[in-house]
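Dear colleague,

I am passing on to you a structure that you have not worked with before, and I would be grateful if you could look it over. Please open it first, and then read my notes beside it.

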Amino acid sequence: MAFLIRKFQEIANILVKSPKFARDPRHLQFEADINRLFLYTSFNRLGKNADGKDAEEIIEMATKASVVDQQRQVQENIHYQIKNLCGVMDDILRPDMSNFVTISEDGAKRSGLSFAVGDSSSSAREPVVPQTKLLSRTELSHDLKDRIGYTLDIKPSRIPHEQAGLGLFLSGECNVGSVVAFYPGIVYSPAYYRHIPGYPRVDARNSYLITRYDDIVINAQPWGLGGESREIWDGFYPLNIKPDSASNYEESSDRLLKVLSRPLERTRVVSTREVLELRNPLAFGHFANHPAKGSEPNVMVCPYDFSPAEEDMRVYIPNISFGREEGVAMKRLGIFWYRSKGARGQGEDAPVVKALVLVATRPLCEEEVYLNYRLSNSKRRPAWYCPVDDEEDKRRWS
């Protein structure tokens, strides 16, 4: 297996230099990441019995398939895994409804299902929270490990640095290409950047922010450690973050930049309310630390666009979108985004929750999860940050 992983990595590095890849540095790194994810997740989907011959076929496909086709296949591979994970958690948490039969006031029998999800006459404004088994998050985590072979723990990191804090640990074993964790929280498109607490210096007091290649920002701070129940979640949390009016913004002579930088005073972070499973044992991607010097990352980020139409899965996707995307057209000016006149086309795809997951880049067994943070080299990096690959960092933020 170690030989196959090395081969995948070598092929990914070779393909990145192929003329078919984009020359724009940032897009080049995106395509390189998609290529790696295609190799890892395709191999994973073949199952534990996959061998060297299967790996060769996947490599051949990677050399021939376009980036768009690879991206589509990665999405399908990830969705296949997540659908299975959601099904397993559903089996664990779903009560035996055959025992639930009650008599209403008018004498009509109510089925177990109606008892669980509530009467259809209840207010349509408030989402209904279905009944589940009274399991704690720890109990659900143990049951999940028994079913799929692994789960996640949060405990002090093994990184020898005083700022390491808590770390993310995989308990059990998983194969290369496995979805190890969800990155939970509030999802912001560029249209709503100014609503991120602390804007424009959003990372000043929040280390739980992550950005996708499509400029979607996910804020995991409101999620924290999740919870002990399935409930309606709107992402609200008490804010101790004050808008940062740094001197480099205040001293700017460009009035437009000042307007774009002005934070919005709003603490209620989303306009929608969703029923989410706060006990999800895999919703802890925000606790993965950057590897220390001499160590290597063992997971990588993967964008995952989830369709809310998959109603049976929705409760296990630990993300909600800020605001509404309909008709919002955006333009970029330097590092800032602003709304432009006009609306998006009416024939666009159905709405999706733009989420993100962590995928194993090799087989993992009872170890801490490390993610390459790829911090921008345009600003001063913290003392604990040791670049895994300076060239990748430069391309990512070019």
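Predicted model: local features only at pLDDT ≥ 70, side-chain atom pairs only at ≥ 80, totals over all residues.

Residues are numbered from 1 along each chain as its sequence is written, and side-chain values use heavy atoms, with hydrogens and water left out.

The chain as a whole

The secondary structure comes to ten helices and 16 strands, where helices (H or I, at least four residues) and strands (E, at least two) are DSSP runs numbered from the N terminus. Of the 398 residues in the chain, 45% count as buried; buried means under 20% relative accessible area, exposed means over 50%, and partly exposed lies in between, with a 1.4 Å probe and protein chains only. Among the contacts in the chain with a separation of 6 or more, 76% are made by residues 24 or more positions apart, a contact being heavy atoms within 4.5 Å. The chain exposes about 21,100 Å², and carbon and sulfur atoms supply 50% of that area, as computed by the Shrake-Rupley method with a 1.4 Å probe, only the protein chains shown counting as cover for residues.

The sheet and its helices

Three strands form an open, antiparallel sheet in the order β5-β15-β11, where two strands pair if DSSP finds at least two bridges between them. The edge strands, each pairing on one side only, are β5 (179-182) and β11 (299-306). From one strand to the next the twist averages 35°, with axes taken as lines fitted to C-alpha atoms (for helices over the stretch in contact) and angles running from 0 to 180 degrees between N-to-C directions.

Strand β15 (residues 353-360) pairs with β11 over eight bridges in the antiparallel sense; valine 299 has alanine 360 in β15 as its bridge partner, and tyrosine 304 has alanine 355. On the other pairing, β5 and β15 are joined over three antiparallel bridges, and phenylalanine 182 is partnered by valine 357 of β15. Seven of the eight residues of β15 are buried, so this strand is largely enclosed by the rest of the structure.

Helix α2 packs on the sheet, touching β11 and β15, and its direction makes about 90° with that of β11. Helix α4 lies across β5, β11 and β15, running at about 85° to β11.

In α2, 18 of the 21 residues are buried, so the helix is largely enclosed by the rest of the structure. Its end C-alpha atoms are 30 Å apart, which agrees with the 30 Å that its 21 residues should span at 1.5 Å a residue, the expected span being 1.5 Å times one less than the number of residues. After α2 comes glycine 47, whose phi is positive, near 95°.

The nonpolar cores

A nonpolar core is a set of buried Ala, Val, Leu, Ile, Met, Phe, Trp, Tyr and Cys residues joined through side-chain atoms within 4.5 Å. The largest has 65 residues, and those touching the most other members are Ile78, Ile82, Leu168, Leu170, Val180, Tyr304 and Val357. Helix α4 (residues 67-93) gives the largest share of this core, nine residues. Apart from it lies another core, of 16 residues, among them Tyr199, Val217, Leu276 and Leu278.

Single residues to look at

Glutamine 29 lies in helix α2 (residues 25-45) and is buried, with a relative accessible area of 0%. Leaving out residues up to four places away in sequence, glutamine 29 touches Arg36, Tyr213, Arg374, Glu392, Arg395 and Arg396. One of these, arginine 374, is in the loop between β16 and α10 (390-396); it is buried at 13% relative accessible area, and its phi is near 50°, a positive value in a residue other than glycine.

Glutamate 366, in strand β16 (residues 364-368), also has a positive phi, near 45°, and at 46% relative accessibility it counts as partly exposed.

Proline 318 sits in the loop between α9 (311-314) and β12 (319-321) and counts as buried, at 1% relative accessibility.

With best wishes
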